[in-house]
Structure formats: structure tokens, C-alpha cells
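Dear colleague,

Please find the structure below, handed over for your records. My findings follow it.

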Amino acid sequence: MASIETFDLTKRFSSLVAVDRLNISVPEKCVFGFLGPNGAGKTTTVKMLVGLTPPSEGTARVMGWDIRQEMEQVRNVVGFMPEYSPKPKEKALSYLVTLAGFNSKRDKPSLKKQAEELLELVGLWEVRNKKVSKFSMGMFRKWLLANALMGDPEVVLLDEPTANLDPVARTEVIQLIKEIGRERTVFLNSHVLPEVEKAASHVAVINKGRLVVQAEIAELRKFVEKESHSYLIRSSANEELANFLRNAGVEAKIVEAGVEALVRDPKELWSRLVEAYHEKEVQIYEFKETGAELEDLFLKLIGEENDAENKTESNY
């Protein structure tokens, strides 16, 4: 059984279609990356799954429970970490117990024991008696993660969990998400592909409310390797070389180490480099394959989706 399934899930706000007939299937006990640019409909999807806003059309099932007909049961099996939330003034440990007590039938001693274990897990044990309002943003995001795990939910939905964090805190939170995903389903809503790639085994990409692709990360990597080759080129005139390659139809961009080029046929790139030497006197100091990145595919997919939509609109 899939932990989450959506069936033509749709959300409209007046004339705006925020989520458009979304169909995804999320396996059990994995980290599932839900990717898309800002404004793609990711947060709206999560809010429908946890009952914060109703669907306009379609439906979804979470651990078999229908979000339209059985939201009370859905809420019993999910934990939710919002992107934005005010910092409470209460102490970290006691407030976890208080919040969990509103929705749990477990007694207070067992809730306190779980809260202690979770604060240990996320690295906040030493500040368990400190007011959450005094936490740094990184500590606060970890506390929100612990709160989402209270009650042992089978599915945890995380909305941009690394938002506004410094690089160290981001790395720590992503590592925690990987650990959590070994025992339950984690629905990781994010627009940061490199972070999702580190934690997730499966991914869905949406753009303007519509599904672009859903696949295993491993399969996407195979696709990238099959479809394209990425090269790093260090030359005597990197800016001039990048412009020359782009004018010749090669995807190229300036990076810190030189010029990064993405091609399907390596022979084509080599021919263009020879031409650059003869026509522009650009000398090549280094030329090596680096492997295409999933981020390149992500940007390409989003771009193709936008191009297809623009062509459709131009036909009316």
C-alpha cells in the first residue's frame, strides 16, 4: 500500500489553479522529495493532505484514509512541520508534551518520555528547559521537527524544513530527515534539489500546480547519465569561450573553476573547442568530464513545462 496517493487532486483560489489534477504515489518508509520552484503548489498540496484547506476537486488517501471523508483518521497517522510558525514562549520539553496531549490518548508520563527521546535525537537535550522563543532558527527548526514526530506518526510532512537556516544547520536537519525516513514515510517539500537529493530515494517534480515527473532518484540519475555529458573546461579566456559555445548551440555557463558545458555528443563539444582555438585563439588548459547533475535535469524539466504551456497559450 502506498502511504500517500492523490487522485486528480485540485485546488483553486478564484481563477488561480494552485494545484491542477495532481496524481502521485508515495511508497511507505522512504523519504519522498516533493520538488518545484516557489509558487509551484507544493505548500498548498501539503495543506490539503493535512486538512488545513479542502480540495476543490479530486481527493487523496494517507495510509488508506480519504482526506475528504476521513480527516480525523488522517490526522491520527500524520505529523506536520510547517514552513512558517511563531516561536512559542514555553519551555522546549514541557511544551512538546502539552501540544501532544491535545491529540493523543497516551498518558502524560509516556508523552514526556517520548519528548525526551526526541529532543535527544534532534540534539536539543541540553536546552530542554530553555524557552523556545530564545532558540536560534536552526534550533527552532529542530524543535518543530521533534514536534512533528510526537505520537509516532506513520507519515511526516515537512514543508521547507531547512528554510532560513545556515549551511551547518541545513546539513544537520537533512541528516535527521534521512534517519527518520528509515522508519516512516517522510514527505519532504522543498525547492532545493541538492538537499532533497541527499535525503530522498524518490521524487516528484511539480510546476504551476501540475506534475512534471515522478521517479526514483536512482532512475533519474541513470537518465541524466544517458541523456547528457557534463564537462569542465579551463581555458585562457573562459568568458569568451562560454559565449562562443552558447552561440554554437552548446549549453555552457561560467563556474568558479572555468566553463561548464552540457552536451549529448562529446565529439560535438570537442569540435567546438577546436573551432574556438582557430577562430578566437582560445587555449584549452583542462578538459574533463564531471558527470551531469540532477539539478540540470530539474531546471530542464521546469523549462520544458513552461515552454509547452506558452506554446499552448499562443494557439488560442
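In this predicted model, Arg 12 and Glu 57 form a salt bridge, with 2.7 Å between the closest N and O atoms. Arg 12 belongs to strand β1 and Glu 57 to strand β5 (residues 57–62), so the pair ties together parts that lie 45 residues apart in sequence. Arg 12 counts as partly exposed because its relative accessibility is 37%. Glu 57 is likewise partly exposed, with a relative accessible area of 37%.

A search of the whole structure finds 12 salt bridges. Two further pairs are described here.

The side chains of Asp 20 and Arg 210 meet in a salt bridge, at 3.8 Å from N to O. This pair links distant parts of the chain, as Asp 20 sits in strand β2 (residues 16–22) and Arg 210 in strand β11 (residues 210–216), 190 residues apart. Asp 20 is buried, at a relative accessible area of 16%, whereas Arg 210 counts as partly exposed at 25% relative accessibility. Together with Arg 21, Asp 20 and Arg 210 are linked in a network of salt bridges.

In the other pair, Lys 142 forms a salt bridge with Glu 172, and the closest N and O atoms are 2.6 Å apart. Here two helices are involved: Lys 142 lies in α5 (residues 137–149) and Glu 172 in α6 (residues 167–180), so distant parts of the chain, 30 residues apart, are linked. Lys 142 is buried, with a relative accessible area of 12%, while Glu 172 is partly exposed at 35%.

Lys 11 does have polar partners. Its side chain makes a polar contact with the side chain of Thr 53, at 3.1 Å. A polar atom of the Lys 11 side chain also lies 2.7 Å from the backbone oxygen of Pro 54. Leaving aside residues up to four places away in sequence, Lys 11 touches a number of residues, including Leu 16, Val 17, Ala 18, Val 19, Pro 55 and Ser 56. Thr 44 and Met 48 are also among the residues that Lys 11 touches, and both are buried residues of helix α1.

Helix α1 (residues 42–49) is largely enclosed by the rest of the structure, because six of its eight residues are buried. Besides Thr 44 and Met 48, the buried residues of α1 are Lys 42, Thr 45, Val 46 and Leu 49. The helix is followed by Gly 51, which has a positive phi, near 85°.

On confidence, the chain averages a pLDDT of 88, and 90% of the residues score at least 70. Over residues 311–316, however, the pLDDT is below 50, and this stretch has zero contacts in the model beyond near neighbours in sequence.

Yours sincerely

Terms used. Residues numbered from 1 in each chain as written. Predicted model: local features only at pLDDT ≥ 70, side-chain atom pairs only at ≥ 80, totals over all residues. Heavy atoms only, no water. Polar contact = N/O pair within 3.5 Å; in protein donor to acceptor, adjacent residues only side chain to side chain. Contact = heavy atoms within 4.5 Å. pLDDT = per-residue confidence, 0-100. Buried < 20%, exposed > 50% of the residue type's maximum accessible area, 1.4 Å probe, protein only. Helix = DSSP H or I, 4+ residues; strand = E, 2+ residues; numbered from the N terminus. Salt bridge = Lys/Arg side-chain N within 4 Å of Asp/Glu carboxyl O.
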